[in-house]
Amino acid sequence: MTLRIQAYSDFICPFCFLAKAPLEEAIRDKDVEIEWMPFELRPNPAPPIDPWQDPSKLKGWESYITPTAQKWGIDMKLPRVSPHPYTGLAFEGFHYASEQGKGNEYINKVFRAFFQDEQDIGSTEVLTKLAAEIGLDEAEFREALATRRYKQAQELALQHAYDEAGITAVPTFIIGDERLQGAVGKEVIEQVIERQLAQGKSGATDGLSCKLDESC
């Protein structure tokens, strides 16, 4: 029986990007399926996150994020997109991509566009270009964003994350019946997966994360 992992994340969360690599390594060659779950740390109209104007956030990158990225061999940088974009529109694009069977490809593309290429993923033009690069219909994708076809789907996804799943920080991985919060190494994820595959004891483990209404 396939083990499902629900991965709650936000495109502008650096710990979410950090966590992707060990997660993907941990599930390699295992009967495990990742379901990416949208989460917005600061949904519009809350003030947007602007780490470049906040010395404490810059210190966080220097103290935790950059050293962890170097340790895990992950290419990432603090994007010079100031302030950071809202991610609601990008997630509306994710819902479209998922319907076309390219949800995982879209997630990977948007994360890399922000944390490696420093692109404004709040822009319809940028998102449309990224969608086309993974083989999605450019005109149809643009039309879906322009008409907000997936606005309600995203609102329902957020309602689920906030109210039903009780997600307060990302990344959060629900692996079977265990909850793993924060960016942790491959070995920790593998241990949880192995317990779940063996129908072992459930629990909770925490790592580095971004909390709701707080910037990283």
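What radius of gyration would a compact globule of 216 residues have, and what does the protein chain have? For a compact globule the value would be near 17 Å, and the protein chain has 17 Å, which agrees. Here the radius of gyration is taken over C-alpha atoms, and the globule rule is 2.2 Å times the number of residues to the power 0.38. This is a predicted model, in which local features need pLDDT of at least 70 and side-chain atom pairs count only at pLDDT 80 or more, while totals for chains, interfaces and linings use all residues. Residues are numbered from 1 along each chain as its sequence is written, and side-chain values use heavy atoms, with hydrogens and water left out.

The confidence of the prediction comes next. The predictor's confidence in each residue, pLDDT, runs from 0 to 100. Its mean over the protein chain is 92, and 93% of the residues reach 70 or more. Over residues 200-205, however, the pLDDT is below 50, and this stretch has 14 contacts in the model beyond near neighbours in sequence. Contact means heavy atoms within 4.5 Å.

As for the overall form, the C-alpha atoms fill a box of roughly 45 × 40 × 30 Å, taken along the principal axes. The protein chain has 8 helices and 7 strands; these are DSSP runs numbered from the N terminus, with helices being H or I of at least four residues and strands being E of at least two. Of the 216 residues, 50% count as buried, a word that stands for under 20% relative accessible area, with exposed meaning over 50% and partly exposed in between (1.4 Å probe, protein chains only). Among contacts between residues at least 6 apart in sequence, 76% join residues at least 24 apart.

In soluble globular proteins, nonpolar side chains tend to be buried together. A nonpolar core is a set of buried Ala, Val, Leu, Ile, Met, Phe, Trp, Tyr and Cys residues joined through side-chain atoms within 4.5 Å. The largest such core has 67 residues, and Phe-11, Leu-23, Met-76, Tyr-106, Leu-127, Ile-175 and Ile-193 touch the most other members. Beyond its neighbours within four places in sequence, Gln-6 is in contact with Glu-35, Met-37, Thr-172, Phe-173 and Ile-174. Ser-9 also lies in strand 1, and with a relative accessible area of 3% Ser-9 is buried. Not counting residues up to four places away in sequence, the residues that Ser-9 touches include Cys-16, Trp-36, Pro-38, Phe-91 and Val-170. Cys-16 is itself buried, at 2% relative accessible area, and Cys-13 counts as buried at 0%. With a disulfide defined as a pair of cysteine sulfur atoms within 2.5 Å, the count comes to 0.

Trp-61 is found in helix 2 (residues 55-72) and is buried, with a relative accessible area of 6%. Its contacts, apart from neighbours within four places in sequence, include Pro-14, Met-76, Leu-78, Phe-115 and Cys-216. Trp-61 and Glu-140 are 79 residues apart in sequence, and their C-alpha atoms are 38 Å apart in space.

Strand 4 (residues 172-175) and strand 5 (residues 178-181) run antiparallel and are joined by 4 bridges; two strands pair if DSSP finds at least two bridges between them. Thr-172 has Gln-181 in strand 5 as its bridge partner. The hairpin of these strands has 2 residues between them, and Gly-176 takes a positive phi near 60 degrees there.

The peptide bond from Val-170 to Pro-171 is cis, with omega about 0 degrees, and Pro-171 lies in the loop between strand 3 (169-170) and strand 4. Another cis peptide bond joins Asn-44 and Pro-45, with omega near 15 degrees; Pro-45 is in the loop between strand 2 (32-38) and helix 2. Asp-29, a residue other than glycine, has a positive phi near 65 degrees. It sits in the loop between helix 1 (14-26) and strand 2 and counts as exposed, because its relative accessibility is 81%. Glu-118 is not a glycine either, yet has a positive phi of about 55 degrees. Glu-118 belongs to the loop between helix 4 (103-115) and helix 5 (124-133) and is partly exposed, with a relative accessible area of 30%.
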